[in-house]
Amino acid sequence: MAKRRPRLLPVLLVTPALVLLALFTIAPAGYALYLSLMKVRVSGGLLGTTTTQVFAGAGNYVATFTDPEFWHSLGRMLLVAVVGVPATVILATLFALCLDANRARLTTVTRLAIFLPYAVPGVIASLLWGFLYLPATSPIGGEVINYFGGRTIFFTVANVAVWGVVGFNTVVLYTALRALPRDTVEAAQIDGASEAQIALRIKLPLIAPAIAMISLFSVIGALQLFNEPTALRPLANAITSTWVPLMRVYSDAFVNNDIYGGAASAFTLLVMTVTATVLVRVLANQLTRRERG
Amino acid sequence: MARRSGRSALRTAAAAAATLTAATLAVAGCSSSGSSSSASSSGSHQVVHLTITDWDNGMQTVVNTWNKAHPDIQVQLIKPSGTGYTLYNKLITDNRAGTNPDISEVEYQALPEMVANKVIISLDKYLPGLAAKYSTAALDQVRFQGSVYGVPQNICPMVFFYRQDVFSKLGLKAPTTWDQYAADAAAIHQANPKQYLGNFDAADPEWFAGLAQQAGANWWTTSGDKWTVAIDDAATQKVAAYWQGLVNKGVISPEPSFSTQWNTDMNNGTMVGWVSAQWAPNQLPTIAPSTAGKWQAAALPAWTAGDQAVGTWGGEAEVVTANSKHPAQAAQFVQWMNSTTQGLNLLIKNVDAFPAATFAQALPALSSPPAFMSDQPDYYALMKTIAQNVRGFQIWGPNASVTFSSYSDAFASALQNHTSFAQALNKVQTTTVNDMQKSGFQVAG
């Protein structure tokens, strides 16, 4: 009895997380994998009212990989990410360092103001921004600047996403900054370092792990880009139903009524997301280690 | 009427689905007796509860009137979370879960797809006398392989709407040919570079399909169990090339109909014409309220002067779903609403429907114009004339949703990137054929 308890407790502690993971992440992913290997064949007359689900092998995956539109959608997502991820990380770092500066005042109010957009649902934010962009309603020069142009559209979409998440990331970094040992900063001050030097040479390296973490989240967020372009789509011709990979998955499964093809693209995307996550983590770890060493 | 107010596809409908499940589970017993169309009154006096999804404004009055007269069959109206294809895709998905409402509104072009996916049932055994009330043309929209799958509600021929005040100021008359339309578009844009006579709608494939029908296109034809797909046929290419010319000259706006930008332009007088359909007076009060009294309706311009053929944009049937536990009662309601004098009078008054049933086109309710067109007393007389020359495809494809979503993508991209409409059309054709072949439909050629 006395021996068993320490063995059981750790298992009990992780059980809720494991059960939830199994039920709501692994099981659906497994079902998606199963669906992605099937396809439907119709028979029975003109309208094919007899449908049978048959094994498709790798057919759906071949179709995904050979569809140029899949790669285009991936490319567009990367372009938005290239604009959005650095903007998010740099702005969040900048805001957090400013808020943490000794001479900063009204930090509570400012922090709340920066955080506020995060509380606005993505779809609503996209619609709000949509009205700001449209020539008919734009107060920010929509008459002159075409926010829905071939190139500008990437900035247009990235801007909505960045606006929404910068606040959250700022708060994460600010918390990391507040948790730094004050004596380090004070020591730098006594050594005569300026506010800017302290920020860039002392604080920044110390919160590097936190920055790595928000970068990781931003990259994952970019891979999951869906709300913003979907909500902006009805406003103009710039965004198609397959503009980014997740939109393509949705369109396949629920518009084109091909749940199998959609599952294959979704599973492909899942693998890509996991790979990207691992890659970013490894990279970030190495960077952090190098800076420490 | 019968139009979508946008295509925001993402409003969740979990709540609606939950209501539907509860409603369909609520009543058991009164099982349909098969051949009888009035099973409700036989035997047990349990009340049958039915649900109907319909997005048209004014439907609640229609349903209320029925409920008052039929205490045994109570119908509950559910506004769908999305219209058009948002609804059809949901019907197909929910059909697998068994949670569909008993009755739904479905536009004609989506019916073959609903039949192919076994979302709706044949009404032959419940409504044997239905065919007599409709013209062959109307019946062909709901009859597949000899079975009727829905009760036609209305027909929506395409109609040209224009701002009378702007036209008379420039000394223009409603264009009767597309050549004249092009000339007018140029004249209007030249007189005021901010103004456009119309828009090319890349977001709404049914609009383009209607224009192709007028030009004589026949996108889907069948022989036996074999399909022929001709979305890029010569007639359609002609229509595409015509509009590409107008877009390239910059005399037509590329903004999709019902988009925020277009709504604003319609309301502030930037957009002074609309290639639309019979239901427009039902929509214009919300699109362009400040232009009331300034619009006139005219027959759609023709390709050759005097040709009166037009295509349709919209128009729907009411169907009974395969999930319904009370198909007989559902069919009874659907028939009452769409093919009896009482039901159709209610639809005309409350929903601005132009009835598909032949007898109903002579109803006195149609003698006064819809409120928005009060300056045009002969509005419905004009509709009656136009409706006689409706030209359609032989049948809509069993995967029309793929065709339509491909249209939106291909033509939106063509507008955005200034590439050729002809190429976009080829893409729609290829996508459609590939999808049909992948599913196992027999496609010729």
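My entries follow, chain A to begin with.

**Ground rules.** I keep in mind that this is a predicted model, where local features need pLDDT of at least 70, side-chain atom pairs count only at pLDDT 80 or more, and totals for chains, interfaces and linings use all residues. Residues are numbered from 1 along each chain as its sequence is written, while chains are lettered from A and ligands numbered from 1 in the order in which they are written.

**Chain A.** Read along the sequence, the pattern is α-β-β-α-α-α-α-α-α-α-α-α-α-α. Next I looked at the overall dimensions: the C-alpha trace of chain A spans about 85 × 75 × 30 Å along its principal axes. Its radius of gyration is 24 Å, whereas a compact globule of 293 residues would have one near 19 Å. (That radius is taken over C-alpha atoms, and the globule rule is 2.2 Å times the number of residues to the power 0.38.) Buried residues make up 38% of chain A; buried takes 20 or more other C-beta atoms within 10 Å of a residue's own, exposed takes 12 or fewer, and partly exposed is in between, with C-beta atoms placed from the backbone.

**Where A meets B.** How many residues of chain B are in contact with chain A? I found 39 of chain B against 28 of chain A, where contact means C-beta atoms, placed from the backbone, within 7 Å. On the chain B side, the elements giving two or more residues are H3 (85-97), H4 (111-116), H10 (260-268), H15 (400-417) and H16 (421-439). H15(B) gives the most, with 10 residues. By class, that side has 15 nonpolar, 18 polar and 6 charged residues.

**Two domains in B.** Chain B splits into domain 1 (14-155 + 314-367) and domain 2 (158-312 + 393-443), with bounds from an automatic or database domain assignment. Their C-alpha centres lie 30 Å apart. I see 15 residues of domain 1 in contact with 15 of domain 2. On the domain 1 side, H3 and H4 of chain B each give two or more residues, and H4(B) gives the most, with 4.

**The sheet in B.** I traced 5 strands of chain B in an open, mixed sheet, in the order E2-E1-E3-E12-E6; strands pair if DSSP finds at least two bridges between them. The edges are E2 (73-78) and E6 (151-152), each pairing on one side only. E1 (48-53) and E2(B) run parallel, joined by 6 bridges, and B:Thr51 has B:Gln76 as its bridge partner in E2(B).

**One residue up close.** I picked B:Ser104, which is in strand E3 (103-107) of chain B. Is B:Ser104 buried or exposed? It counts as buried because it has 30 C-beta neighbours inside 10 Å. Apart from neighbours within four places in sequence, B:Ser104 touches B:Ile52, B:Thr53, B:Leu91, B:Val319 and B:Thr321.

Definitions and conventions:
Contact = placed C-beta atoms within 7 Å. Nonpolar A, V, L, I, M, F, W, Y, C, P; charged D, E, K, R; others polar.
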